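Good morning, colleagues. Please look at the sequence and the model on the screen while I take you through the structure.

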Amino acid sequence: MESTTPSHQCMMRMAPYLIGRPRRGVVGGSRYACKLRESIRQAANDPERKPVLISGEPGLEKDNIARLVHFGSADRRLLLMSFDASNIRGQGVELFGREGSHELSLLDCLGDGNSEQLLPSVSMSI
């Protein structure tokens, strides 16, 4: 049996949560669409990288807005992950790991953000 490196293990653990580029931009010329585009630009270019709360009715493609913010930012080369809290099983075993297990948790894979580790932006929906 072939052994895998921690980096490979992390990529395999994170794969189901990784999301790609935005499917589309904000369409339209209404006041709301223009304001939304400007808000996305401001969030993407925030030098302090403050968290962004995206809320709205189901079906409004909030995940696409998160993608637009992420891929419009200086962090666009980092991975973007999405967690749906309603789908996390076993009291967060995927995130936190199982006590006594040697399997890496998702938080183990995220690391502390130094250049040697993968540090994705995280989008979480509840």
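A word on method comes before the description. This is a predicted model, in which local features need pLDDT of at least 70 and side-chain atom pairs count only at pLDDT 80 or more, while totals for chains, interfaces and linings use all residues. Residues are numbered from 1 along each chain as its sequence is written, and side-chain values use heavy atoms, with hydrogens and water left out.

Let us begin with the fold. The chain contains five helices and two strands; helices (H or I, at least four residues) and strands (E, at least two) are DSSP runs, numbered from the N terminus. Their order along the sequence is α-α-α-β-α-α-β. Of the 126 residues, 24% count as buried, where buried means under 20% relative accessible area, exposed over 50%, and partly exposed in between, with a 1.4 Å probe and protein chains only. Contact here means heavy atoms within 4.5 Å. Among contacts with a separation of 6 or more, 68% join residues 24 or more positions apart.

I turn now to the interior. In soluble globular proteins, nonpolar side chains tend to be buried together. A nonpolar core is a set of buried Ala, Val, Leu, Ile, Met, Phe, Trp, Tyr and Cys residues joined through side-chain atoms within 4.5 Å. The largest such core in this model has nine residues, namely Cys-10, Met-14, Tyr-17, Met-81, Phe-83, Leu-95, Leu-106, Cys-109 and Leu-110. Helix 1 (6-14), strand 1 (80-84) and helix 5 (106-110) each give two or more residues to this core, and helix 5 gives the most, with three.

Why is helix 3 described as largely enclosed by the rest of the structure? The reason is that eight of its 10 residues, in the stretch 62-71, are buried. Those buried residues are Asn-64, Ile-65, Ala-66, Arg-67, Leu-68, Val-69, His-70 and Phe-71. Arg-67 has a relative accessible area of 10% and is buried. Leaving aside residues up to four places away in sequence, Arg-67 touches Ile-19, Gly-20, Arg-21, Pro-22, Arg-23 and Leu-80. Ala-66 is also placed in helix 3, and its relative accessibility is 11%. From C-alpha to C-alpha, Ala-66 lies 9.4 Å from Ser-82, at a distance of 16 residues in sequence.

Helix 2 (31-44) and helix 3 are the elements that give two or more residues to the lining of the second largest pocket. That lining has 23 residues, and Val-26, Tyr-32, Leu-36, Leu-60 and Ile-65 lie nearest the centre of the pocket. Helix 2 gives the most to the lining, with seven residues.

Finally, I come to the loop between helix 2 and helix 3. Most residues other than glycine have a negative phi. Arg-49, found in this loop, has a positive phi near 55 degrees, and Arg-49 is exposed at 57% relative accessibility. Glu-61 lies in the loop between helix 2 and helix 3 as well, with a positive phi near 60 degrees. The relative accessible area of Glu-61 is 30%, so this residue counts as partly exposed.

Terms used. On a 1 Å grid over the protein atoms alone, a cavity is a set of points where a 1.4 Å probe fits but cannot get out, and a pocket is an open set with protein on both sides within 12 Å along at least five of seven lines; lining residues have an atom within 4 Å of a point.
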